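Subject: Handover of a structure and the findings from it

Dear colleague,

Please find below the structure that I am handing over to you. The notes that follow set out what was found in it, and I would be grateful if you read them alongside the coordinates.

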Amino acid sequence: MRVIDLLQLPILQGTRVVAGDLGLEQRVRWVHVVDLPDPLPWIDRGMLMLSTGIAWPRSDEELAELVRRLAERGVAAVGLAVPHYFSRFPDVMRAAADTVGLPLLEIPWEIPFVRITETVHQLILREQWQELERAEQLHRELMRAAARTRSLDRLVRTLGELLGRSITVEELDGTLLAYYQRGPYEDVARQVTIESGRAPSWLQEGLVARGFLPPQGTQPYRVPAIPELGLRERVVCPIWLHGELVGLVWIIEGDEPLSGLDLRAAEHAALVFALLFAQKRELAQLEARLGYAFLSTVLEGRFSGSPQELERARALGYDPARSYRVVVVALGEPPLTVEAFQRREHIALRVRRALRHSGAAPLVATLHDQVIALVEWAEGLEDLWSALADCGLTAVAGRPHAGPEGVRRSYREACALLEYVDRPGLFRYEDLVLERVLAGDPEARRAFVELWLGPLRRGRHGERYVETLLTWVRHRFSVNEAAEELGVHPNTVRYRLEQVGELVGRDLLDPETQFELQLLWRLHGREWERAEAMNTANGAVSQPDALRRL
């Protein structure tokens, strides 16, 4: 109970608080009578110390020092029987108590200390018993909830509703696994954690610097309020599984101060969550093995496309009709040691979680020093890199292709990029084609031409757009000269170029784009001219000639 609660007891009727009002919210764990010249060896944190003052010093300096030392030892309050040896608390003790926030209580002399200790101890024991009963009830409710659901979110919600507090379950690196928010955000740290899906680095580093992370044992402990980190008081309990620390349960202080029940609740919750983690880990391992086997089969060309294989592929979330990018995360070292193997598996786990977070199937495999994944959407690519950005790794992505052969092609494209990048980051095939073309890569030249002309040829009037674009480039981006050669109005050329820009998703007037177009002409324009000449020699009528005749 709090000091302010003691003052409401009938046994302490007539007791006055004469100093240290700032400490009235402190918790009282025990009551003890100490009338010795040196009381410090006989006191403990959270104690209500009762005294007649018979053994206290009489000099002002010693009395003020006594108050300061009692506050340093964590005494909850000091009760003095008056008037007898002291008619009241001396002014120096009051001034010191106001400074350190130690409540000073003047208790009428006629109230026996034995009655005070008996009454307060009974209430404390009753409260502790009620706390134990409630903790046991909470444990039973959690176990029932765990038996009904495999959802960590639902278990966390159950715990939060039972305690009436906000709860967070996180991995050791701060990744948010589940949370329950009761009302508005309690502090900035919690708001950022929930909105970003992980504890911010400044919070993690601040807790590590202050010794609150990583946990040093298995028991729950308190993290006090840290205003400079935007942090209210919390209870944190480590989640252990087979001797491995796998997560943390955080219980956040709300309107009511944290109590022993929150510590017990965190301990019970950690046990239940560990059981759920064990189950999820087994399922994840099974899912990972199936995903590894399927993706390896496709990459090695052993996927036959039989009805049975297609059924299993769709059950894993793969649709041959859709286009996928193959992303290769290069670890830089083969898994020849236990540490390297564990690192590869940890990266693979992060990749699977990122894909699942984006709503995609977690199709992931490992090969030597690579983690390989299929990504369908651009958002999935961004989510995947967000999960890996702090690892200092290189990730490369091939172009999106459909079907098993498309997966193998995208994988070959991704592997080809690894020869050109030696820095951390995420690199897409189309982002590095220009660099590879300038390096003299023949395959990159074909890809570069395809990136520019493929979208045009696949559209309606595709060859007309290709002809207009290349003619415009050949005439050094002169619309009038291109129109004259094509035999059309300049506005027609402008319209076609607008359509080309939309189809390829580029601004054709941008200097960098025009540099690429000049390179495109160097790589493909001469070949296109030869093809036009052959058509003319064979008696075919080219489009410009036909337009001129019209």
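Proline 83 is placed in the loop between β4 (77-82) and α3. Please note that the model is a predicted one.

A cis peptide bond also joins leucine 213 and proline 214, where omega is about -10°. Proline 214 is found in the loop between α7 and β8 (221-223).

A backbone feature of another kind occurs at histidine 461, which has a positive phi of about 60° although it is not a glycine. This histidine lies in the loop between α14 and α15 (462-474). As background, most residues other than glycine have a negative phi, and most peptide bonds are trans.

**Helix packing**

Helix α2 (residues 60-72) packs against helix α3 (residues 91-100) at an angle of about 30°, and their axes are 8 Å apart. Angles under 35 degrees count as roughly parallel, so α2 is roughly parallel to α3. The crossing of these two helices, α2 and α3, is right-handed. On the α2 side the contact is made by Asp60, Leu63, Ala64, Val67, Arg68 and Ala71, and on the α3 side by Val92, Met93, Ala96, Ala97 and Val100. By class, the residues in the contact of α2 with α3 comprise nine nonpolar, no polar and two charged.

For α4 and helix α5 (residues 152-163), the axes come within 10 Å and cross at roughly 155°. Since angles over 145 degrees count as roughly antiparallel, α4 is roughly antiparallel to α5. The crossing of α4 and α5 is right-handed. From α4, the residues Arg134, Leu138, Glu141, Leu142, Ala145 and Ala146 meet Leu155, Thr158, Leu159, Leu162 and Leu163 from α5. The contact of α4 with α5 divides into eight nonpolar residues, one polar and two charged.

Helix α14 (residues 442-457) and helix α17 (residues 490-504) pack at an angle of about 110°, with axes 9 Å apart. Angles of 65 to 115 degrees count as roughly perpendicular, and α14 is therefore roughly perpendicular to α17. The crossing in which α14 passes α17 is right-handed. Trp452, Pro455 and Leu456 of α14 make the contact with Val500, Leu503 and Val504 of α17. The contact of α14 with α17 consists of six nonpolar residues, with no polar and no charged ones.

**Cavity and pocket**

Rolling a probe the size of a water molecule over the atoms shows where empty space is left.

How many cavities of 30 Å³ or more does a search of the whole structure find? The search finds one. The largest cavity holds about 110 Å³ of space. Its lining is formed by Thr168, Glu170, Ala189, Arg190, Thr193, Leu203, Gln204, Leu207, Leu231, Arg234, Trp250 and Ile252. The elements that give two or more residues to this lining are β6 (166-170), α6 (188-196), α7 (201-209) and β10 (244-252). By class, the lining of the largest cavity has six nonpolar, three polar and three charged residues.

The second largest pocket has a volume of about 570 Å³. It is lined by 20 residues, of which Arg27, Arg29, Arg222, Ser259 and Gly260 are the closest to its centre. Two or more residues of this lining come from each of α4 (113-148) and α8 (260-299). The most is given by α4, with five residues. The lining of the second largest pocket divides into seven nonpolar, four polar and nine charged residues.

**Tryptophan 385**

Tryptophan 385 is found in helix α11 (residues 378-388). Leaving aside residues up to four places away in sequence, tryptophan 385 touches Leu393, Ala395, Gly425 and Leu426. Between tryptophan 385 and proline 215 there are 170 residues in sequence and 29 Å in space, C-alpha to C-alpha.

With kind regards

Technical notes
Residues are numbered from 1 along each chain as its sequence is written. This is a predicted model: local features need pLDDT of at least 70, side-chain atom pairs count only at pLDDT 80 or more; totals for chains, interfaces and linings use all residues. Side-chain values use heavy atoms; hydrogens and water are left out. Axes are lines fitted to C-alpha atoms, for helices over the stretch in contact, and angles run from 0 to 180 degrees between N-to-C directions. Helices (H or I, at least four residues) and strands (E, at least two) are DSSP runs, numbered from the N terminus. A crossing is left-handed if the near helix is turned anticlockwise from the far one by less than a right angle, and right-handed if clockwise. Contact means heavy atoms within 4.5 Å. Ala, Val, Leu, Ile, Met, Phe, Trp, Tyr, Cys and Pro count as nonpolar, Asp, Glu, Lys and Arg as charged, and the others, Gly among them, as polar. On a 1 Å grid over the protein atoms alone, a cavity is a set of points where a 1.4 Å probe fits but cannot get out, and a pocket is an open set with protein on both sides within 12 Å along at least five of seven lines; lining residues have an atom within 4 Å of a point. Grid points are joined across faces, edges and corners, and a volume is the space filled by probe spheres set on the points.
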